[in-house]
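Let's take a walk through this one, from a pocket to the sheets and then to the packing inside. Keep the 3D view open as you read.

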Amino acid sequence: MEQNDNNIDQYRRRFLERSTAVLAGGVLAPGVFLHAIAQARPVDEAVSGKVRWGMLIDSNKCKTGCDKCVKACETENGLNRTGNPLTDAQWIRKVSLKDKQTGRTASLPLLCQHCAEPPCVDVCPTGASFKRADGIVLVDKHICIGCRYCMMACPYKARSFVHEDVTDQKSYAPRGKGTVESCTFCVHRVDKGESPACVSACEEKAMVFGDMNDPQSELSQLLREVQSTEIRGDLALNLGVRYQGI
Amino acid sequence: MAGAHFILRALLLAAATVAAAQAAAPLPDIPKGRGEKCVEDTALMRTNHMEFILHQRDETMHKGIRTSKHSLKECIDCHAVKGDDGLPVSVESPRHFCSVCHRYAAVSVDCFQCHNSKPESK
Amino acid sequence: MKYPVCREIRGNSPAYITLLLILGALIAAGLGAALYMEHEGHHVTGMTNQIVWGTPHVFAVFLIVAASGALNVASISSVFGKVVYKPLAPLSGLLAVALLVGGLVVLVLDLGHPDRLIVAMTHYNFKSIFAWNIFLYNGFIAVVAVYLWLLMERKMNAYSKMAGMVAFVWRLILTTGTGSIFGFLVARQFYDEAIMAPLFIVMSFSFGLAMFILVLFVAFWGSERPLGEVIVDRMRRLLSLFVLSVLFFVAIFHLTNLYATEHHGIEAFILRDGGIYTQMFWFGYVIIGSLLPLALLNLPGGARAELVAVSAGLVVVGGLAMMYVIIIGGQAFPLVIFPGYEVSSTFADGVVNAYKPSLPEFLLGLGGVAFALAIVAFAVKILRFLPLSLADQDVDPHFKANPAAAAAATRA
C-alpha cells in the first residue's frame, strides 16, 4: 500500500506542478507555493488548519417567508422529501423569531454552526463525527453506527437521521439509511473554491462565506467591522457561523 | 492410524468435490469498462480494488483529497453497464459491474447504501 | 461457617416449560421487530429527528441500570460481609449479567447500523462517555463472570471477596457512566446536571433490587424451595430504603431546577403541563412506583413475601415510567436554542415534540427483558445458582439466638 500511497495521481501532480509553476514563475516544491492561491487548493493536497471556513448571516437582510437557501441545499445535496417533515432530513431551515419582551421579529437560516469545539464530535463513540482541519464538521458515514448521540448533543438540532432508504444520491453527497448527517458547508464545492449552495442562492446577499483565518477575506473584514453574535454563545463553542441582527 | 487415514481420505474427497463444483460454475462474464485500460493492472485491481477504494475514502473524507484515480465515482463512471433501456443499471441488477463478481463470490458490497451505483444523470 | 448449598432446578414442570415458551415467543417478536425496523428504516417507529431516542432506549437504559443494581445483593455479601446474603450472591451476579446483556441487545438492535457493531468495537473516541461505556459494559460482564466463578468454585472461594470488591467498584463506575450519558449533554435543558450520575446510581439500587426480588421469589415459589422470613424481611427493608433514596434524589433534582428561573420552562413541562409525561411522573413514578410500594412494604404486621413481590413489581413499573419521563419527556420539551425568543420553523422548533411509541419499538424493548429473563431461567436449570433453601435456620447462623425471629419463623 505504501508504494501506492506515494504515487497517487502522479500524472496529476505533475500536471499541477507544471501549470502552477508557470503561474508562480518558477519551480517550487509542492506545498510551499500552493497556499498562495488560498481558495483553489489542489485536489491532491490535504486540508490544513491554516484555513477556517466560516459564515456571517445578516438576519436584517434575510426575508421572512423566503426559503431559497433551503431549496438550494435540498437540490444541491439531493435531500428528497418523503412527505413526513418529522423524519425528513433538514440540513438548513428557516427560523422565525419573536422577542418575548419587545415583540421584535427576525428571520434567519439555521444550519450546522461548525463549532470549533463541537459537542457532536465529543460524544460520538466511534469518531464518525469529526472536524476537518479547516473547521468543517462532518459525519464519516462509513463508521457511523446510527446511535444518534450526536443529535442529542447538538445545541442547534442541526443533525438529521436518515430514516428511510435513499437512492440516486449525488455522487458528491453520499447519504444512506441508518446514518446521521448534517450540513457539510457544501464541502465538495468549498474544495473546488466555490461557496456553499445556500450562500450562492441567497439573492439578498444575507450570507457571506469565507476564510475566518485570512484577515483579507471579505468575511474577516466584515466580522471586524460589524457587531455579530453566536447562537448560544454561553456554551463557548467558538462557532463557525455568526449572526447579525439578533 | 486407520482413523487418520480415513480422515485424510475424507479431506481429499471433500477438496475434490469443491474443485469440481468450482469448475462447474461458469466464470463471471465481466463487462468491459470505458477506455483502453484501468487505472491499475487488472490483476492488481481484482485483488486490491477494495484497498484502493478504502484508502481513497479516508483521504477524501478526512483530508479533502479529491484525486480521481482511485475514486469510487470514477469506477462507477467508467464501468457503467447499460440496461435494456439504454440507461445505466444499478447495483440491484446482476449485470452491474460490481454485481457480476460480487454475486459470483457471494461477497456483499456495503458501498451503495450511501453511494450511487450509477453515474450521475446529468 | 457452612457453605450455602446451591443446586440446579429440575426444570421439567409444565410451568417452567410454559415460562420458556412465553419468553421465547417474546424474544422472537423482539427480533422480528428489530429486523422490520432495520429493513424499513426508523420511519416505521415513533422516533423522529426530534425524539431521537424512543421506547427501545427506555427499556435498554432501565435494564442496564437495573443490571448494576442487581449485583448489590452479592456486593453486600462479599464486600460488606453480611453472611445472610451469601447464598443469594450467585443469583445476584447472574441476574446482573443477564439484565445487562438484555439491555445491550436492545440498544444495539435499535442502532441505524447494527451490522456495524464491529466498528463500535474497533473505533473508539475516548472523549465520548458512550465509548467508555462500551468498555464498562463489556468489562462488567467479564468481571462478574470471574466473580461468579470464584463464588461457585469452592477451591477458589477465598478470592471471591476481592473479586466482589472489584465488581462493586466497577458497577458504581458503570452506572456513573450511564447517568453521564445524559449528564454530559451540555445543551439539553433537562439533562445537563451532575446529579444525573448519582441519581442513576440510586435508581440502580432500587430497580435492580426490585428485579432481583421478583426473580428470586418467582424462582423459589416455582421450584418449591423454602423462602424464610429473615430473607423476605431483609429484602423488604432494603427495597424500602432504596425507594426512599431515589425519591430524595429526584426531589433534589427538581428542587435545584425549580430554583433557577432558566429551568422553569422544562420543570413546568415535566411537573405540570406535560400531559403524558406529567402523568407518568406523578402517577407512574411517584405514586405507583414509590409511595404505594413504600406503604405496602411498611404495613404493620411484618414481612409478607407476596407484598414484597407486589411492591417490587410496582417499583419496576415506576422505574420504567421514570425512564420514559427522563428519556422521552426530556426530548419532548423544545430545545432552547434562542433564549428569550418565541421560535417557529419547519423543523419543530419551539413546539412540544410529538412522540407516539410504536409496536415494533415496544416489542423490541420487551424482547430484551424476555431475553434477560430467559438467560436466568436457563442458567438456573443447568448450573448451581439457586440455593436449596432460604429457610431462616439455613440463612442465619445465629437464628435461634433471636427469640423474635424464632417466633416469626414458627409463624411462617
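Which element gives the largest share of the lining of the second largest pocket? It's H13(C), with eight residues. Before going further, some ground rules: this is a predicted model, where local features need pLDDT of at least 70 and side-chain atom pairs count only at pLDDT 80 or more, while totals for chains, interfaces and linings use all residues. Residues are numbered from 1 along each chain as its sequence is written, chains are lettered from A and ligands numbered from 1 in the order in which they are written, and side-chain values use heavy atoms, with hydrogens and water left out.

Back to that pocket. On a 1 Å grid over the protein atoms alone, a pocket is an open set of points where a 1.4 Å probe fits, with protein on both sides within 12 Å along at least five of seven lines, and lining residues have an atom within 4 Å of a point. The space in the second largest pocket is about 870 Å³, a volume being what is filled by probe spheres set on the grid points, which are joined across faces, edges and corners. Its lining counts 35 residues, and Leu19(C), Val215(C), Val218(C), Ala219(C) and Ala377(C) are the closest to the centre. Two or more lining residues come from each of helix H1 (14–40), helix H2 (55–70), H8, helix H12 (305–332) and helix H13 (359–382) of chain C. Helices (H or I, at least four residues) and strands (E, at least two) are DSSP runs, numbered from the N terminus.

Now find the open sheet in chain A with the order E8-E1-E9 and mixed pairing; two strands pair if DSSP finds at least two bridges between them. Strands E8 (207–211) and E9 (241–244) of chain A are at the edges with a single partner strand each, so one side of each has no neighbour in the sheet. E1(A) pairs with E8(A) in the antiparallel sense over five bridges, and Ile57(A) stands opposite Met207(A). With E9(A), strand E1 (residues 53–58) of chain A runs parallel, joined by four bridges; Met55(A) has Val241(A) as its bridge partner there, and Asp58(A) has Gln244(A). Six of the six residues of E1(A) are buried, so the strand is largely enclosed by the rest of the structure. Buried means under 20% relative accessible area (1.4 Å probe, protein chains only).

A second open sheet crosses chains: its order is E3(A)-E2(A)-E2(C), with antiparallel pairing. Strand E2 (residues 92–99) of chain A is joined to E2(C) by five bridges, and Leu97(A) stands opposite Val343(C).

Finally, the packing. The largest nonpolar core has 199 residues, and Met55(A), Tyr149(A), Phe182(C), Met203(C), Phe217(C) and Met235(C) have the most contacts inside it. Here a nonpolar core is a set of buried Ala, Val, Leu, Ile, Met, Phe, Trp, Tyr and Cys residues joined through side-chain atoms within 4.5 Å. Helix H8 (residues 196–223) of chain C gives the largest share of this core, 18 residues. Leaving out residues up to four places away in sequence, Phe182(C) touches (heavy atoms within 4.5 Å) several residues, including Met152(A), Trp53(C), Phe200(C) and Ile327(C).

Technical notes:
Buried means under 20% relative accessible area, exposed over 50%, partly exposed in between (1.4 Å probe, protein chains only).
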